[in-house]
Amino acid sequence: MSLVNFSGQNVVEFTITGFDHLPYHKLMGAGILLAYCLALFCSTTNICVISTDRRLHRPMYLLICNLALVDIMFTTGASTTMISILLAGDKTVSYNSCLSRVFIYSLGDITQCLALSLMALDRTVAISEPLRYATILTNQRVFLLIVVSWLLGIGCMGKLAYIADQLPYCQPVIKYIFCDYAAMIRAACVDPEPYWFVPSIIGLWLIAGQLPLILLSYGKLVFTVLRLPSTEKGGRTFRTVISHLIPVFSFYAPKLVSILLTRVGVRLNLTERNALQIISTLVPPLINPSVYCLQNKEIRGAVLRIFRRNPVLPSKD
């Protein structure tokens with residue numbers, strides 16, 4: 001695919017019209033705002049608890065902290081635009097702001113996939129090689145893996161943002177609910193087909209590459225559990241596998257539904273596409289903290305220690 005200089009009108013701002021045909025804007029906006037605030041609060045709490053408690057400065061908790069940061073970025077890239085449209089009635093977004101949100105949202109998307117892969121790797125090593133876990137996955141190695149995952153994401157999504165920035169935009173209208181790569185490509189006055197090649201390669205890597213690795217990792221855990229003599233340990237590990245598969249399902253399910261429906265010839269209308277986008281943007285950041293953090297005894301203990309150090313004093317009145 002070659003990027004050439006087109007003679008077209010470049011826009012200064014976009015008008016987002018994805019919600020125009022839907023009723024109850026305020027109610028929908030309030031729901032999205034509530035979900036966004038909950039996701040932001042839970043993820044920020046997890047980051048603060050893990051970063052301030054030295055007992056949690058271990059590989060698994062570094063990965064949880066990374067996932068929480070990714071959740072914040074991923075949902076912020078889309079939720080703030082939807083909230084502004086639905087509650088404030090502001091449907092316009094500047095070109096530079098839209099392009100930056102494309103990058104932030106897309107970066108959050110790919111780094112969340114890589115974060116889930118790292119979480120699966122961590123649990124696989126912890127259960128399959130418990131005696132060597134501390135030497136295989138050190139804090140330094142996990143931090144290096146996290147940095148590499150971010151660099152991969154920045155490189156891939158930087159390429160998409162660059163492609164979108166090179167195109168002319170004949171009409172300043174985005175028919176979707178926030179700024180993402182697909183929305184900007186469809187708003188450009190070019191044939192969009194050649195510009196799906198790069199995102200298709202990235203999507204193929206995520207769906208056909210990362211997802212099977214994650215499922216194989218947890219499959220190896222199940223196989224390891226079946227060989228354990230202790231049923232108590234086996235039951236606990238099965239619960240771990242199931243709880244970790246919930247975030248994987250919530251992240252990949254909207255993508256798989258869209259791909260499968262397209263493959264069988266079902267074309268989703270605009271409302272259905274937008275609904276899938278809202279689900280994929282809000283559900284994973286809400287589920288991840290409860291699965292990876294609230295069910296973790298050490299993090300719950302750290303939160304309780306914070307409250308015990310700072311008790312609420314009774315009123316003297």
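This is a predicted model: local features need pLDDT of at least 70, side-chain atom pairs count only at pLDDT 80 or more; totals for chains, interfaces and linings use all residues.

Reader: What makes up the secondary structure of the protein chain?

Author: Ten helices and three strands. Along the sequence, the order of elements is β-α-α-β-α-α-α-β-α-α-α-α-α.

Reader: What share of the protein chain counts as buried?

Author: The figure is 44% of the 317 residues. Buried here means under 20% relative accessible area. The accessible surface of the protein chain is about 16,700 Å², and carbon and sulfur atoms account for 66% of that surface.

Reader: Among contacts between residues at least 6 apart in sequence, what percentage join residues at least 24 apart?

Author: In the protein chain, 81% of those contacts do.

Reader: Which residues make the contact between H2 and H5?

Author: H2 contributes Pro59, Leu62, Leu63, Asn66, Leu69, Val70 and Met73. H5 contributes Asn139, Val142, Ile146 and Trp150. By class, the contact of H2 with H5 has nine nonpolar residues, two polar ones and no charged ones.

Reader: What is the handedness of the crossing of H3 and H5, and how do the residues of the contact divide?

Author: H3 passes H5 in a right-handed crossing. The contact of H3 with H5 has 17 nonpolar residues, five polar and one charged.

Reader: How do you know that H1 and H2 are roughly antiparallel to each other?

Author: Their packing angle is about 160°, with the axes 9 Å apart. Over 145 degrees counts as roughly antiparallel, so H1 and H2 qualify. The crossing of H1 and H2 is left-handed. The contact of H1 with H2 comprises 18 nonpolar, nine polar and two charged residues.

Reader: On to single residues. Where is Tyr24 found?

Author: Tyr24 sits in the loop between strand S1 (13–16) and helix H1 (25–52).

Reader: Why does Tyr24 count as exposed?

Author: Tyr24 has 65% relative accessibility. Exposed means over 50%, so Tyr24 counts as exposed.

Reader: What makes the phi of Tyr24 worth a remark?

Author: The phi of Tyr24 is positive, about 55°, although Tyr24 is not a glycine. Most residues other than glycine have a negative phi.

Reader: Where is Val148 found, and why does Val148 count as partly exposed?

Author: Val148 is found in helix H5. The relative accessibility of Val148 is 38%. Buried means under 20% and exposed over 50%, so Val148 falls in between and counts as partly exposed.

Reader: How far apart are Val148 and Leu114, in sequence and in space?

Author: Val148 and Leu114 are separated by 34 residues in sequence. In space, C-alpha to C-alpha, Val148 and Leu114 are 9.8 Å apart.

How values were computed
Residues are numbered from 1 along each chain as its sequence is written. Side-chain values use heavy atoms; hydrogens and water are left out. Contact means heavy atoms within 4.5 Å. Helices (H or I, at least four residues) and strands (E, at least two) are DSSP runs, numbered from the N terminus. Ala, Val, Leu, Ile, Met, Phe, Trp, Tyr, Cys and Pro count as nonpolar, Asp, Glu, Lys and Arg as charged, and the others, Gly among them, as polar. Buried means under 20% relative accessible area, exposed over 50%, partly exposed in between (1.4 Å probe, protein chains only). Accessible areas come from the Shrake-Rupley method with a 1.4 Å probe; for residues, only the protein chains shown count as cover. A crossing is left-handed if the near helix is turned anticlockwise from the far one by less than a right angle, and right-handed if clockwise. Axes are lines fitted to C-alpha atoms, for helices over the stretch in contact, and angles run from 0 to 180 degrees between N-to-C directions. Angles under 35 degrees count as roughly parallel, over 145 as roughly antiparallel, 65 to 115 as roughly perpendicular and the rest as oblique.
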